[in-house]
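Reader: Could you take me through this one slowly? I am still learning how to read these things.

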Number of protein chains: 2
Amino acid sequence: MQYGQQPIRVGIVGLGTVGGGALRLLKDNASEIARRTGCPIVVSHVGVRRDRPECDTSGIRVSRDVFAVVRDPDVDILVEVMGGTTTAREVVTQALEQGKHVVTANKALLAEHGNEIFALAEAKGRFVAFEAAVAGGVPIIKVLREGLAANRINAVAGIINGTGNFILSEMRQKGRDFYEVLKEAQAMGYAEADPAFDVEGIDAAHKLTILASLAFGIPLQFKKVYAEGITRLTAADVAYAAELGYQIKHLGLARRTELGIELRVHPTLIPAERLISNVHGVKNAVLVLADPVGPTLYYGSGAGAGPTASAVVADLVDVARAMRNQPVGAGRAGVPHLAFQPDALDNTPILNIDQVHTAYYLRLLANDRPGVLADVTGILSRYSISIEAILQKPAHAADHAAGKAPIILLTKVVCEAAMNAAIGEIEALTDILDHVVRIRLETLDA
Amino acid sequence: MQYGQQPIRVGIVGLGTVGGGALRLLKDNASEIARRTGCPIVVSHVGVRRDRPECDTSGIRVSRDVFAVVRDPDVDILVEVMGGTTTAREVVTQALEQGKHVVTANKALLAEHGNEIFALAEAKGRFVAFEAAVAGGVPIIKVLREGLAANRINAVAGIINGTGNFILSEMRQKGRDFYEVLKEAQAMGYAEADPAFDVEGIDAAHKLTILASLAFGIPLQFKKVYAEGITRLTAADVAYAAELGYQIKHLGLARRTELGIELRVHPTLIPAERLISNVHGVKNAVLVLADPVGPTLYYGSGAGAGPTASAVVADLVDVARAMRNQPVGAGRAGVPHLAFQPDALDNTPILNIDQVHTAYYLRLLANDRPGVLADVTGILSRYSISIEAILQKPAHAADHAAGKAPIILLTKVVCEAAMNAAIGEIEALTDILDHVVRIRLETLDA
């Protein structure tokens, strides 16, 4: 790459789920990240109060005094992922005082002390980046701060606590009351032994505080959020709501009204046909109502090592790009036009359509007599094309009278070239009466 | 505001739907935008080859020679929204040569000539911003370029042509073939007289070209995209797909495989339970499969004056913030932590929960005898609470034996204080046997 290869050096304080995830991600995706940033991002120092961090820290300085990381001159950006609001606040404040940029996933810290922290960061000319604080891997902070910057935002409504949404989804699916499902969720590791932060809406209120500031341009005001939990929800209410055409979700809602701003977290009936009503399990989604863009929605995993680390490291890339940015006109090295540095684009071949692998929907019109299906499946079999489903439909009246019947097949994934050859042979059968209709099928699972 | 109030001056070339929308948006949301940017963004010059632009250009220099805008020294950022790939290419190239930043919504131009345009921009140290080129108001460019920068992206799958998706939604809903619905869509103004760009997948191929570059770090390669239209889809195939549990969508799909990259636009069966299958009408959505974030999805309006202008003006804010950015450590004036400049936060009051307006779901357990419902609705009526729906359910066996029955009510929007008072009176009725269960209800329409 043409730009300086001087690495950006990162210190991580806290090596739990998120910290460990970030460490692993920076290693696993190092080359992809460097192609985007224009330089490597390396972890130089981690602070962890436990004796033995569970993840691989080989080649990295490890301190049990987290403030040793904060003071380390070989750390350009400090990642605070220890949680809590006391030591973490000290860590962030001192890092800024030391002239370091900060990346944090700590919504409680920001919701409760963010006004002072951001003021200090502004005074010091440093960044405090916090994409991981809300909705995990969904870049909702950037969307509100930059992507929708032209809009007057009227409301933000989010499913922003995965544990709570998992419990509600299970209640609905299994027809059970809250506490039964909670016990299951705890047994499966989806809910903490003390689930109050999640199910009482405190965690969601922290996140809503941050979203509301970004949406409306108001200071962080956590204490003014109304928070009501999902603990009193019964299977009966979930069922009645469904019967009336609604889903019950634990929604964080910030809305601008003529009287002032509503900030509230509570169980909420939402029309079942809304996209956000179809967000199930541990997933998060944030709906933004804004003028003139209208409704937009952002969906993905709101928690877990990978998704949260995705946000932490995106912040690192952001800060690193900004550190390497040059004044306008002096050549750019900040955010590249095509996401990757111009000299880091690669020449991976683009496949021709007949090299593509996909599943297929096939519709055939055939003479309605024995043996046709066997002929067709025989041809598919010779091309190693497996069948996923067959639908044999009664023919339309006219076709029926003419002795014709449609056959619909779904195949498993196969190379298009093989499918083309198979279709050619199928169409050559005397009992096949028309061109084969072929539509590709994608399951789009992760 | 503490930062310099020197306005950023914008020239707009093309005053059709998008240009007119951007002009109007910069005026309507001027104060909200200035609070975010830290300075006003003003339109100083528009170029429009027609005689009379349809929108209000009072106070703005208007030229019929679009290159007069390009050469104007009072233009800092040039917005190219004229469309096409010949004059538009000249306009963008000359603007960069003149040292101007460029914002464009022109996917055809970028998909076909973007490699050269971005190379020139890099050489000149200028931005070419293009959020409006894909998925209208949904900030998918920023998401791929920055929000997901830590990920190895495996696939991008998008409903990225609103007209096509509108036609498919109508086909499914009304059970009609493609050409019937197309004629309707044309009559309603949703489809152009020449709809080939939309329904043959060319427009989607342009957009997919851009998404694939951002996702994988490859040059723009429009000519290698396989594009197949939706014109041959029949009502029968849509119905068979539904019966098998699938929706047919016109999907743009870019996928990384071991052999190379697949770039294809074609009708695609998708499992009906996927969120993207539930994107109907003119809406767009882009699903990104990435590691480690997993699947994330971005949804909103992909076309129209407002949504597209939202993206164009977000780009203007981005460029303006970058122009005003100071070197790290010298005080920041770029992207503010809380989206709005720190001295532009305002003190809009946060409402107490009893000032909030919302609709309600109420569940009452009542003695099963005449007059109870009349008493309840009488109380609601006295507090001006309108009823949206009533569900009277057969009681559970035990309740039934005891002469008790549940009543479920949905109300229209009302102030929470009034609802609290009404619930107090309802609970005081001798025939009401338990606390009233109250869950708030939000329709979340735009």
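Predicted model: local features only at pLDDT ≥ 70, side-chain atom pairs only at ≥ 80, totals over all residues.

Reader: OK, which domains is chain A divided into?

Author: Chain A has domain 1 (8–136 + 306–344), domain 2 (140–302) and domain 3 (353–441), with bounds that come from an automatic or database domain assignment. Between the C-alpha centres of domain 1 and domain 3 of chain A there are 55 Å.

Reader: And how many residues from each chain does the contact take?

Author: It takes 119 residues from chain A and 118 residues from chain B, where two residues are in contact if their C-beta atoms, placed from the backbone, lie within 7 Å. Because 99% of the interface residues of chain A are also interface residues in chain B, the copies meet through the same surface.

Reader: What rotation superposes chain A on chain B?

Author: A rotation of 180 degrees does, with 0.0 Å of shift along its axis and an RMSD of 0.0 Å, when copies are superposed by least squares on the C-alpha atoms of residues with pLDDT of at least 70 in both. That is the relation of a two-fold axis. The residue of chain A that comes closest to the rotation axis is Tyr298(A), at 2.4 Å for its C-alpha.

Reader: Switching topic, which strand of chain B is joined to strand S10 of chain A?

Author: Strand S10 (residues 261–271) of chain A runs parallel to strand S17 (residues 437–441) of chain B, and two bridges join them; strands pair if DSSP finds at least two bridges between them. Strands (E, at least two residues) and helices (H or I, at least four) are DSSP runs, numbered from the N terminus. Thr268(A) has Arg440(B) as its bridge partner in S17(B).

Reader: In what order do the six strands of the open sheet in chain A come?

Author: The order is S3-S2-S1-S4-S5-S6, with parallel pairing. Strand S3 (61–63) and strand S6 (128–129) of chain A stand at the edges, each with a single partner strand, so one side of each is left without a neighbour in the sheet. In S6(A), Ala129(A) is the bridge partner of Val103(A).

Terms used:
Residues numbered from 1 in each chain as written. Chains lettered and ligands numbered in written order.
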